Amino acid sequence: MSQLTGGSSGGETGRAGHAGEPGGPEDAERWRGVERGLLRMRRTLLTAVSVPLAVVLGPVLWLTAGPWWAVLAAAPAAVALWGWRAVARNWASWRYSERDDDLLIERGVVWRGLTVVPYGRMQLVEVTSGPLERHFGLARVQLHTAAATTDAHIPGLAPEEAERLRDRLTELGEARSAGL
């Protein structure tokens with residue numbers, strides 16, 4: 001199985017694939033990954049939930065149900081260890097490619113998804129950044145089209161890259177929709 005490499009620079013990423021499909025050799029340098037800060041943010045959230053849960057659950061179970069039941073406090077820690085790797089694999093799966101007529105967004109490890117958003121169908125491109133995202137130096141680009149089911153978004157971008165992408169997509173969207 002091929003592995004996607006992301007970078008903290010938000011630079012271009014490559015992934016081996018078959019000719020003629022996204023990620024193929026001719027497209028390798030066109031795909032861009034998301035910032036490593038997204039991985040740090042998600043791992044911080046995982047740790048912030050699982051560690052206090054294990055620390056509180058152990059003594060409570062020990063005092064109320066006995067020492068053998070206190071072993072169940074290890075379950076949040078085990079889930080956190082599994083989640084540590086799962087979060088990394090999910091982070092590595094996010095990538096996007098700006099093509100001549102559309103934007104490709106690929107994500108997912110178990111349930112993989114590829115979203116193709118034609119520039120001429122974009123109605124609104126917005127950049128958002130919540131308090132936690134700002135703390136980690138991240139922003140999210142959200143794409144709105146006429147389709148109600150469109151959930152095209154790219155999380156974990158550097159704010160400068162998110163603004164550049166917003167401006168470019170808006171410009172391309174206006175140029176493509178003018179011909180409709």
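Contact here means heavy atoms within 4.5 Å. The model is predicted, so local features need pLDDT of at least 70 and side-chain atom pairs count only at pLDDT 80 or more, while totals for chains, interfaces and linings use all residues. Residues are numbered from 1 along each chain as its sequence is written, and side-chain values use heavy atoms, with hydrogens and water left out.

Helices (DSSP runs of H or I, at least four residues) and strands (E, at least two) are numbered from the N terminus. Helix α1 (residues 36–65) packs on helix α2 (residues 74–93) at about 170°, with axes 9 Å apart. The two are therefore roughly antiparallel, a term for angles over 145 degrees. From α1, the contact includes Arg36, Leu46, Ser50 and Leu57. By class, 12 residues are nonpolar, 4 polar and 3 charged.

Ser93 lies in α2. Its relative accessibility is 7%, so Ser93 counts as buried (under 20% relative accessible area; exposed is over 50%; 1.4 Å probe, protein chains only). The C-alpha atoms of Ser93 and Gly113 are 9.7 Å apart, across 20 residues of chain.

Helix α4 (residues 159–177) spans 26 Å between its first and last C-alpha, close to the expected 27 Å (1.5 Å times one less than the number of residues). Glu161, Ala162, Leu165, Leu169, Leu172 and Gly173 are buried in α4. They cover an arc of only 105° around the axis, and therefore lie on the same side of α4; the arc is that of directions from the helix axis to the C-beta atoms. Exposed Glu160, Glu171 and Glu174 sit on the face turned away from the buried side. The buried residues of α4 pack against strands including β1 (31–33), β3 (102–107) and β6 (139–145).

Note on methods:
Axes fitted to C-alpha atoms, helices over the stretch in contact; angles between N-to-C directions. Parallel < 35°, antiparallel > 145°, perpendicular 65-115°, else oblique. Nonpolar A, V, L, I, M, F, W, Y, C, P; charged D, E, K, R; others polar.
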